Amino acid sequence: MIDATWYLGLSGFLFAGGLFGVLTQKNAMRILISVEIMLNSANLAMVAFNGMFGLGIGNLDGWIFALIVIGVAAAEAAIGLAIFLSVYRNFGEITVSNIFTLKEQEVAN
Amino acid sequence: MSDYDPNQLPFNALFEWLNNFKYINISDNVLGVLAVVLGTFLLGTYILVNQLIAPWVERKVMARMQGRRGPVYVGKWGVLQIPADLIKLLLKEDTRPIGADRVGFFLAILLTAVTSILAFAPLPWGTNQLVPGNFSIGILYIFAVFSIFPPAMMIGGWASNSKYSLIGGFRSAGQLVAYEIPMFFSILGVVVVTGSFSLIKITEYQYTNGWNLIDHETAFMGLVLGFIFFISSVAETERVPFDIPEAEAELVMGPRTEFASWRYALLMMTEYLHLFINSLLFIYLFLGGYNPIPWAINESSALWNFATHPFVQFLTLTIKVYLLVVIAGWMRAALARLRIDQLLNLGWKYFLPVSLFALMILLGLTIMNGDIDPNKALPLE
Amino acid sequence: MSVFLQFIFITVAIFLIITMYMTWTVEKTMQASYWLILFLVGISILFLIANSEIMFAFQLSIYGGGISVLLLFAALLAQHDDYLFVGDSIFGKIQGLRTQISVFLILAINLILLPILAITNTNYNTENSVLGDSERTVSEAFLDTARFSHQLWTEYSVVIPFLSLLLLTALLGSIKLVIREWELEELSDIMKMRYETKEDAK
Amino acid sequence: MAEESLINLVENDTLITLAALVIVIPFLTGIALLIMRAIEIKKSIDTDTKFKFDENLTGNIGVAGLGGSVIMALIVTIQYFSQLNLTKENISHPVINWVVGDYNFLPSGTGPFKWGIALSPLSVIMMLLLSIIAFTIHLYATEYMHGDSAFTRFFGTLNFFTGSMFGFVLSSNLFMAFVFWELLGFASYLLIGYYWPKASASSAAKKAFLYNKVGDVSFMIGIALIWSRTVNLTNSGLITAPTLDYYWLKHYAQIGIEGFDMAFLWLPSLLIFGGAVGKSAQLPLFGWLPEAMEGPTPVSALLHSSTMVKAGLFLGARIYSLFFTIDLTDLSIVENSFIWFTPNFIAWIGTLTALAGGLMALTADDLKKVLAFSTISQLGFIGLALGAGGLTASFFHLISHATFKSLLFLCAGAIIHSIHKPHANLSELGGLKKHMPHTYWTMLIGLLGLAGVPLMSGFWSKDAVLLAMEESDIFGHQFLLILAIITAGITAFYSAKLFILTFLGEARYDKETVHPSPAGLKTRISLWIIASLVIIESLWWTFSIGLGQFNILGKNFEYYLGSLLGQHQSEFNIVFAIPSILAVLIGIGLAVAIYHYNMLEVLQNHPVMHKIFAIAERRFYVDEGIYWFASNPVMNVGDKFSVVDKKFIDGIVIDKVITQGTLTVADTSDKFDIKIIDKFVNLLGDWISFIGKRLRKLQTGMTPNYALMMVIGLGLILTYLTISTLF
């Protein structure tokens with residue numbers, strides 16, 4: 001008998017790890033990978049909760065939300081990768097730390 | 001045939017057989033585990049042995065078609081040719097190209113081999129629960145397990161640090177992705193008609209309604225879907241005329257180029273297991289599974305006892321698989337290779353819409369017959 | 001039996017953590033991608049342990065089959081391999097790796113503690129819990145899969161259309177993004193150089 | 001008057017399905033044809049040639065669509081009338097069965113609106129008539145449009161148009177009716193602007209669209225009012241559910257729910273009738289209809305006979321019970337003056353439209369334009385009857401007018417087709433009798449009907465209309481009656497004039513270029529089909545109403561129709577019919593005298609007549625009025641303002657006062673500025689740039705930095721939560 005707390009602890013750790021990856025990675029691809037990790041940990045938590053409260057009494061909302069998350073993740077991956085490709089075409093690299101056109105450039109005065 | 005009860009243990013027949021020995025007084029749980037282990041071992045051995053024979057059959061067929069004699073030396077009619085090759089391969093030196101990515105290089109083989117063996121789990125080899133793992137998602141399980149193939153191919157192609165392998169990996173991934181979808185739609189068509197994912201249920205349905213391939217009640221959509229499924233499965237196994245990833249004229253061996261001795265042996269085994277799985281799926285979905293009789297029968301009819309005899313069922317399955325293997329060899333000898341764009345066109349522009357259309361028709365028919373009623377409440381237990 | 005399951009669970013958990021660590025630290029994007037694939041497979045195994053077979057199927061066939069192929073393609077098309085990020089500005093101190101790791105630890109501890117506390121402090125009735133319940137009969141699993149589809153088509157009948165609409169939009173959008181023809185002027189110098197060389201080669 | 005017979009709802013899925021097929025088939029064929037058109041365009045762009053599908057194929061598809069709906073409509077009609085329980089006993093107060101089927105508008109079942117099909121006698125008869133006429137016109141169009149470059153597009157749009165009209169006729173609630181109404185407007189826009197390269201055609205299409213939109217807006221507001229009121233009533237528990245169904249609205253209006261009586265309904269019904277004004281070209285929004293002649297003739301035939309312009313009045317007949325929710329003879333309610341407003345308004349509008357249309361038709365000299373104006377005037381007749389409370393009479397006239405007017409348009413089309421000109425000007429026709437005998441006879445029949453010559457169909461219906469007006473107790477109905485009779489005379493006059501100038505006499509076109517050819521086979525067939533319809537109507541009504549023979553259930557046709565629509569009026573009597581007959585005969589006689597024997601030139605070129613003609617040719621300045629109303633005030637105000645601007649503000653204020661003043665002030669303030677303010681400002685600026693230079697560092701532009709900040713905040717919050725749960 002595996003308690004839900006096991007799943008929740010694991011998913012929390014994985015989520016934090018994904019967040020860490022998002023923060024620390026330079027490469028947009030890797031950031032996306034970390035985001036996928038976060039989504040998966042969230043899914044894990046949802047499935048665990050469903051197994052704890054819903055599955056026995058035939059209520060499967062957790063699964064359905066996990067399914068929605070998976071679909072959204074697919075869409076997000078497609079769009080994100082397309083964006084990376086076009087960014088790559090524009091800048092020749094997808095290193096987020098070198099792409100700072102947002103930054104207020106130095107004005108020579 | 002006893003009505004299907006999912007509560008039965010896997011390998012129920014074996015379990016009962018073991019249960020017959022009165023002098024073994026051990027708990028049912030242990031017996032069940034024993035039955036599972038034993039049955040899985042037996043089935044696995046059976047499949048692997050057949051997987052050693054099948055290439056020989058194929059080579060023979062090709063040889064006859066090309067006016068050659070094929071393998072003759074090892075064993076009677078060269079039956080033992082493949083095991084001999086296997087041993088030779090295992091004894092060869094294991095090489096890895098310089099600059100190859102170790103993990104990826106290993107991962108490609110690991111994923112392909114493991115998944116192709118795991119995929120045999122939910123295949124029933126007869127009634128009375130002659131099935132290793134009886135999942136509630138039946139075919140979906142196989143499909144899910146197989147969907148690991150394209151990334152594995154790409155990883156292998158990239159990891160072996162050679163342009164042939166890389167291009168081969170790309171092609172292989174593209175081809176697999178392109179043909180998974182019509183394949184899945186044709187599976188869904190059968191699922192819609194039979195109303196279950198479980199291969200056992202599907203086969204029972206084909207007992208009482210005749211084989212899906214020639215089922216006239218579904219306006220012969222079974223024929224269309226079966227055709228699409230068959231071609232897609234040939235493309236999934238990357239065999240002629242879809243063997244673009246390993247087009248030996250352009251890319252030496254495709255993603256498998258750089259793999260040496262036992263790795264190569266494993267990959268070959270994977271390829272043939274893949275062929276087996278696809279043929280078996282085709283058989284279960286369209287050719288009536290372990291049901292030898294193409295038309296509809298029931299308890300009252302004369303052939304019933306013959307058709308539901310476990311041994312007959314087992315034999316039927318084997319014979320059908322070999323029939324499909326022979327057809328594969330025939331195609332391999334007869335047909336020429338497609339171009340990559342032709343292949344992708346065929347997948348995306350023709351098979352996908354046609355299979356979708358057929359699926360729509362099937363859904364319409366089923367809803368009209370009232371077999372599907374979304375408002376019907378499910379019983380809790 | 002349940003001890004066996006617990007053993008499997010712990011093994012998979014360790015496997016997951018290792019793969020996650022690898023995705024941070026391996027040197028090539030491609031390697032990170034296949035470690036991610038292993039991670040996804042591990043998650044799917046956890047689903048299987050949690051008696052959620054259909055989620056297992058979805059996870060493998062959508063993540064393992066679809067998204068990972070996308071990732072691999074992108075990783076091969078935009079070949080670019082530098083990984084760890086160290087901030088460079090007057091906030092460099094708090095953006096250094098140390099800060100980030102400490103932030104990570106804070107988050108991890110909280111995220112682990114919070115749900116566990118939330119469950120343990122409040123007494124939910126967990127007699128229905130079937131997590132890792134090895135005594136579940138097969139028919140229950142069948143019934144749950146049936147219930148899933150039923151619930152999906154009655155109670156959540158909006159989910160499938162909206163999801164498919166979303167995916168269609170994503171598909172078209174990504175195609176539009178990638179297919180676009182680029183003027184040489186728009187490009188950065190590196191890419192401009194590349195394209196020009198390509199045209200010269202023709 | 002206006003006593004409503006009871007209604008009970010019947011469910012009959014097969015019938016509903018068939019009726020739905022009536023709507024769906026033309027839509028499907030139309031959309032298929034439009035797709036084929038798209039393929040044509042694509043191919044002819046790809047291969048620089050004019051690719052075009054075989055006309056037999058496309059035309060047959062188009063006709064087949066309508067054929068299918070004709071068959072379906074026949075089946076539906078027969079079934080419906082077979083299950084209608086009318087007998088000799090209850091014919092005076094029958095219980096009419098409405099077959100109604102409702103479906104949710106959204107598949108998810110959410111949302112208040114519904115698709116629905118309601119088969120009442122009104123809609124069924126209208127559907128049958130519409131299907132037959134539309135089918136004939138399609139048949140005719142295959143020959144008329146022969147060799148046109150956009151043949152496929154024409155038939156696609158025509159099918160689409162007819163399908164949407166079917167949908168509008170069969171719809172069971174106001175919402176669905178509005179949807180199809182808009183589709184109708186859109187399709188008519190496409191059809192009128194069919195020859196879009198011509199500037200006149202495209203402008204006509206735009207004009208029609210905009211004029212209709214004016215009406216549509218008021219229609220929509222009316223629907224919204226009714227809906228909100230029903231919602232309120234539901235909340236206050238007076239009715240079960242908010243609804244827009246005709247049946248329930250009729251029901252509530254009859255049982256007189258408090259808050260749903262005329263005191264409230266006069267405004268919504270008026271607004272909805274405003275929509276009808278727009279669609280069916282009543283005063284003042286009739287300006288688009290003559291321009292609508294820019295479209296091909298089959299389009300005009302369909303537009304004016306039974307489809308577009310009838311839609312508005314059909315809507316009026318549909319929600320008729322909202323105009324008269326109460327027995328108007330009951331004086332206890334009459335102190336509420338609004339009760340009288342809507343019917344009076346409708347009746348007056350209708351009469352004025354009839355008169356104006358007649359006068360304009362007198363003066364127009366284009367063949368199709370004459371017919372168009374006569375359509376306007378006949379529509380005026382229908383609206384008049386509606387306002388006067390004669391639902392039966394109005395529908396009666398609607399039927400007869402639909403038949404003979406479509407016949408007339410088809411004849412006009414045949415003439416135009418045979419003289420090979422875009423427009424058939426009356427002054428350039430004549431003597432066509434020997435060239436096209438079939439057209440001659442059919443047009444004679446149609447014109448007799450239009451003129452309301454005794455014993456023809458138009459006579460009976462128009463007489464019913466006049467009778468309804470005479471019986472009604474609306475304000476000044478005697479005066480309106482006289483106007484209507486005069487209009488009848490005018491109608492007779494111009495139809496006779498049309499006939500004479502077209503067929504009799506010697507040819508006035510130049511015989512070198514124009515060689516009139518007889519009408520083709522399909523044209524003749526379709527002409528004779530509708531002509532036979534007119535003849536059948538005439539004979540039937542003559543025998544039934546006039547002579548009291550061939551009765552249905554022992555009552556004459558009008559009474560039967562009345563009991564179907566649930567509203568009776570008194571019988572036809574020859575004494576009352578005399579003035580209209582006289583008017584008709586006088587009109588015809590005048591026309592013959594003037595145009596055939598060229599007598600009474602005095603009358604022809606008398607200045608008063610000229611003045612009237614001039615006014616009528618300018619269409620009573622209604623369009624100018626509208627334009628003026630739209631544009632002039634704005635322009636005038638603008639001019640005034642510009643004058644004020646130039647003269648006063650620029651001239652005096654700015655140049656003199658402000659400039660000089662400013663200059664002086666500026667000079668003085670300049671020193672102050674430089675001395676004190678600039679110092680201060682520079683100081684401030686230095687501070688700000690000093691701070692900004694440091695703050696700028698925050699904006700590293702690197703997303704991870706921003707994310708890191710975010711996450712630190714998140715971490716703090718989480719820590720707080722954890723600690724608060726721990727202790």
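A residue is called buried here if 20 or more other C-beta atoms lie within 10 Å of its own, exposed if 12 or fewer do, and partly exposed in between, with C-beta atoms placed from the backbone. The legends below describe a predicted model, in which local features need pLDDT of at least 70, side-chain atom pairs count only at pLDDT 80 or more, and totals for chains, interfaces and linings use all residues. Residues are numbered from 1 along each chain as its sequence is written, while chains are lettered from A and ligands numbered from 1 in the order in which they are written.

**View 1. Chain B is built from 13 helices and 0 strands.** Helices (H or I, at least four residues) and strands (E, at least two) are DSSP runs, numbered from the N terminus. Of the 381 residues in chain B, 46% are buried. Contacts join residues whose C-beta atoms, placed from the backbone, lie within 7 Å. Among contacts in chain B with a separation of 6 or more, 76% link residues 24 or more positions apart.

**View 2. Here chain B meets chain C, with 27 residues of chain B in contact with 28 residues of chain C.** On the chain B side, α4 (102–118), α5 (138–146), α6 (149–159) and α7 (163–194) each supply at least two residues. That side has 20 nonpolar, 5 polar and 2 charged residues. For these classes, Ala, Val, Leu, Ile, Met, Phe, Trp, Tyr, Cys and Pro count as nonpolar, Asp, Glu, Lys and Arg as charged, and the others, Gly among them, as polar.

**View 3. Zoom in on α5(B) and helix α3 (residues 53–77) of chain C, whose axes come within 7 Å and cross at roughly 30°.** The pair is therefore roughly parallel (angles under 35 degrees; over 145 is roughly antiparallel, 65 to 115 roughly perpendicular and the rest oblique). Axes are lines fitted to C-alpha atoms, for helices over the stretch in contact, and angles run from 0 to 180 degrees between N-to-C directions. Leu140(B), Tyr141(B), Phe143(B), Ala144(B) and Val145(B) meet Phe56(C), Ala57(C), Leu60(C) and Ser61(C).

View 4. With 17 C-beta neighbours inside 10 Å, Asn161(B) is partly exposed. Asn51(C) is buried, with 23 other C-beta atoms within 10 Å.

**View 5. A cis peptide bond runs from Val240(B) to Pro241(B), with omega near 0°.** Look for Pro241(B) in the loop between α9 (221–236) and α10 (261–286) of chain B.

**View 6. Helix α15 (residues 391–419) of chain D has 29 residues and reaches 41 Å from its first C-alpha to its last.** That is close to the expected 42 Å, a span taken as 1.5 Å times one less than the number of residues. Because 28 of the 29 residues of α15(D) are buried, this helix is largely enclosed by the rest of the structure. Just after α15(D), His420(D) takes a positive phi of about 55°.

Methods: Two residues are in contact if their C-beta atoms, placed from the backbone, lie within 7 Å.
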